[in-house]
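Here is a short briefing on the structure shown below.

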Amino acid sequence: MRETLLEVSDLRVHFPVRGQGLFARPRPLRAVDGVSFTVHAGETLGIVGESGSGKSTIARAILRLNTPTGGRVVWLGTDIARLSEHALRPLRRDLQIIFQDPLASLDPRMTVGDIVAEPLTVAEPELTREARRERVAAMLDLVGLSPQMVNRYPHEFSGGQCQRIGIARAMVVRPRLVLCDEAVSSLDVSIQAQIINLLKRLQREMGLSLIFISHDLSVVRHISDRILVLYLGRVMELGPAERVIGLAHHPYTAALISAVPVPDPAVERGRPRLLLEGEIPSPLDPPSGCVFRTRCPKAQARCAAEVPALVPRGTDEAHLAACHFPNI
Amino acid sequence: MTPSTPRPADPAPVLAIEDLRIRFVTRDGAVRAVNGLSLSVGRGETLGIVGESGSGKSQTFLAAMGLLARNARVEGSIRFEGREMIGAGPRALNAVRGKRMTMIFQDPMTSLTPHMRIGRQLTEVLEHHEGLSREAARARAVEMLELARIPDARARLASYPHEFSGGMRQRVMIALALLTNPALVIADEPTTALDVTVQAQILALLARMTASGETSVILISHDLGVIAGLCDRVVVMYAGEVMEEGPAEALFANPQHPYTRGLLRSVPRLDRAGGDLVPIAGQPPDLEALPPGCPFAPRCPHVFDRCHTEHPALRPAAAVPSWRKACHLDGFETPPQREGA
Amino acid sequence: MSTLETPGGGRGRLIEEAARVRGRSLWDDARARLLANKAALSSLIVLGIIAILALFAPLLSPYGYDEVMFDRITIPPDFSRAHWFGTDGLGRDLFVRTLHGARVSLAVGVVATLVSLVIGVAYGATAGFIGGRVDELMMRVVDVLYALPFIFFVIILVVIFGKNFILLFVAIGAVEWLTMARIVRGQTISLKEREFIEAARASGVGTFAIIRTHILPNLLGPVVVYVTLTIPQVILAESFLSFLGLGIQEPLTSWGVLISEGAINMETAPWMLAFPAAFMAITLFCFNFIGDGLRDAIDPKTR
């Protein structure tokens, strides 16, 4: 087994939500509720889920952009969920993030050179101006932008180019794990493919690990070694990408796969559809037992009473599902 | 999803667009959003419009509805059921839109009035356009909501739009769009804001509710999968022009334009493992400075001299007469395949 | 990994070239749009002329602003004796006094606005960035001050401290910074949620550095607009106080004082009202046009 970089166990992120009425107590919104997974060196873990599944909250909790309510986030042996901001700072260079909206994640008043240099000034303050400029230029070159662009401003670039700048900013400090939070979701199809290929190339050249968070199962399958399926803040299924897609144990994963349209009429029209009823319940008031049971075609009495554990259900020890009645 | 067979070309198309040009005049210059676009939609047909941002796919149909921004300059012709829509006055437009030609938007909140009950919004259309009595309109509204599979439809008439979830709201929107039995429904990215499991529900609903063949559907989407599931015929747009159009199944299986081919190679497919994506190089078109020749030439892997100087016209792309492309290239040397597949 | 290591000589040349390629910053864009706005551009020119006149007024005319000439009381504009705007009830030259008043009015406008700017930005940015209870408390203080009637407030100050030039700045500044603080707080809160701030936090940039490098530069746009719209308000407030006799005292003068005197003699000597009033009206118009122009130029989407 390769080196384990990150180990998230029983992560919980609850947000207090003011209740209705004058004296109502704040109620917890369970955005992430008991999520566990590991990330190994050099691998890509895909996290897929619909809106409200808590996938972005996980990324923000790992980076401590919001504070976990409970659980552990162990980075190379250190639990960073409880570390002070000051103690955390030296670790930050190892963990970087790429955001969904390329333009919004770049300060409109800063030049591209300054944007890419910013993490470098924090991580390696000893660098001379000259050395920093060299590093920034080399990084821009690596993401496919001309180093001549350093004095330009974000609004002078297209969405795809802005995302390249965002990638350069994340990669310039040579991190070990990069979280991609819907990093290609707002891009056009043709540009999306450019960015996916760029991420794959950088991962290979720099030996990075990626956590690739997306609602798009096709993209997640394409880029990931392992896939984690999230629903209402809980893990439904976790396993090697090909097994999760090919042999989905969990009824939710199966429904998700069948709902994703395939760009080929000959295939698309012949596919069986498992139409799920209804929509995701509110995380303020999640169903008892298995959170998916209200929409699950296989739900039985046990599903309401007992929370299913995330355990191997098939032949592969690495393929886990949280379901009382899995498809095996 | 119901597989539908392509219908024979109707002699009188529901919507016929001829040489449409739309420019937006801004302080910083003119943005050429649509550049000599022609297409038509037959009766009962489901036409898919595929394009990335800046392809002009939404602007084209906003023009048909007379809903373009004020700084738009429109030339050409858009005929709906034989009537010219460009330059038509507000009265002529209002007689058509919301009745014979309706629209479903990406965000239903933009087209549902926030402070009016759903029931009133539905019955108002019926009373105004169809002259129904209040009771008859109410009955018909309930019937439509039930067809759209909205649970407890009668009670929900009293709800306001914000009391519905995103998926339910889009169901209301579909019910509203089909209320008057229109000749044409334009669905502009109807499921883009929804989750995939809800998207599947909504697409199935749209297919079922327009299956009678009386209503033509234009489905605008950036998602090739959504188009593939629903459409009889597909138009691929780039920089405000048609690059390729043809029967859905054949076009997806064997695209004739380098852009269509590039798009299909750019998207990962859930039903296929591995392989590398082959992106289209370069950046989206700059609508303020389009090249004189083919707009796709700067990004095209098959580009040759003629592409830079001469604008390609739509011409037959294959033996099927309805399959056309705007490309100087006669054919690809290698059969279409996914690299590494 | 090789591409990340020290680059070859080719890149060094590229970087040098890059230094010469200048990007178009949002400010460059805004300047171009502002200069293309005819109303704003002519306002800028007119305002510039008034400012230059006010600065060099004493050099243009043979008379001093407090020079009393009892043989020339209330004469209408007379070019032969270089009384271009006529004289007032004490025989003082109105041209010189009007431009002298311009000095005082503009100075009060600019200084009081700067005071409100400093207090407002510091207060608003702090409340907005810290948020939570601190923000609640700080903004309640602003609400309370807002609720005080302005004139009542000034009269109390005058009663306690007596008539005083400094008092004018205090009174006006104390009121004007409230709106600035609210605007800055709102902008800061919306900026704080933006992804580029999160990106900076994720890279380990400290709080103070985030405020300095990301928040303040992005606040500048709306603040500049509001400053240009505050200056005319302050000028108006000063003239209002002077009109009531609570502001500038003789022989010093301002547009407010002159208009007040002119209003008394409106029927017998209309020029005493017409010239100062015209100057003030034009100045206010100019500031408002420039403010509108700046708003369109800095954020063209909000039109």
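In this predicted model, helix H4 of chain B has five residues to look at first: Ala137(B), Ala141(B), Val142(B), Met144(B) and Leu145(B) are its buried residues. Seen down the axis of H4(B), these buried residues fall within an arc of 165°, so they line one face of the helix.

**Helix H4 of chain B**

- H4(B) covers residues 134–147, which makes 14 residues. At 1.5 Å a residue, the helix should span 20 Å. Its end C-alpha atoms are 20 Å apart, so expectation and model agree.
- Just after H4(B) comes Arg149(B), with a positive phi of about 60°.

**Interface of chain A and chain B**

- Contact between the two chains involves 42 residues of chain A and 52 residues of chain B.
- About 3800 Å² of area is buried between chain A and chain B. Carbon and sulfur atoms give 58% of that area.
- The interface has 20 residue pairs in polar contact, with both residues at pLDDT 80 or more.
- On the side of chain A that touches chain B, the elements giving two or more residues are helices H6 (189–206), H7 (217–223), H8 (241–246), H9 (251–259) and H10 (265–268) of chain A.
- H6(A) gives the most to that side, with 9 residues.
- Between chain A and chain B there are 2 salt bridges. One of them pairs Lys200(A) with Asp276(B), the closest N and O atoms being 3.8 Å apart.

- Side chains of opposite charge can pair when their charged atoms come close.
- Over all chains, the whole structure holds 41 salt bridges.
- Which residue does Glu45(B) pair with in a salt bridge? The partner is Arg233(B), and the closest N and O atoms are 2.5 Å apart.
- This pair links distant parts of the chain, 188 residues apart. Glu45(B) sits in the loop between strand S2 (29–41) and strand S3 (46–50) of chain B. Arg233(B) sits in strand S9 (residues 233–238) of chain B.
- Is Glu45(B) buried or exposed? Its relative accessibility is 12%, so Glu45(B) counts as buried, because buried means under 20%.
- Arg233(B) also counts as buried, because its relative accessibility is 13%.
- Arg233(B) meets Glu245(B) in a salt bridge too, at 3.0 Å from N to O. Arg233(B) lies in strand S9 of chain B and Glu245(B) in strand S10 (residues 241–247), so this pair ties together parts that are 12 residues apart in sequence.
- Glu245(B) is buried as well, with a relative accessible area of 5%.

**Charged pairs in chains C and A**

- In chain C, the side chains of Asp292(C) and Arg295(C) meet in a salt bridge, 3.4 Å from N to O.
- Both Asp292(C) and Arg295(C) lie in helix H11 (residues 271–298) of chain C. They are 3 residues apart, about one turn of the helix.
- Asp292(C) is partly exposed, with a relative accessible area of 34%. Arg295(C) is partly exposed, with 39%.
- In chain A, salt bridges that share partners join Asp10(A), Arg12(A), Arg30(A), Asp33(A) and Arg234(A) into one network.

Conventions:
Residues are numbered from 1 along each chain as its sequence is written. Chains are lettered from A and ligands numbered from 1 in the order in which they are written. This is a predicted model: local features need pLDDT of at least 70, side-chain atom pairs count only at pLDDT 80 or more; totals for chains, interfaces and linings use all residues. Side-chain values use heavy atoms; hydrogens and water are left out. Helices (H or I, at least four residues) and strands (E, at least two) are DSSP runs, numbered from the N terminus. The expected span of a helix is 1.5 Å times one less than its number of residues. Buried means under 20% relative accessible area, exposed over 50%, partly exposed in between (1.4 Å probe, protein chains only). The arc is that of the directions from the helix axis to the C-beta atoms. Contact means heavy atoms within 4.5 Å. Buried area is the accessible area (1.4 Å probe) that two parts lose on being put together, summed over both. A salt bridge is a side-chain nitrogen of Lys or Arg within 4 Å of a carboxyl oxygen of Asp or Glu. A polar contact is a pair of N or O atoms within 3.5 Å; within protein, one must be able to donate a hydrogen and the other to accept it, and residues adjacent in sequence count only if both atoms are side-chain atoms.
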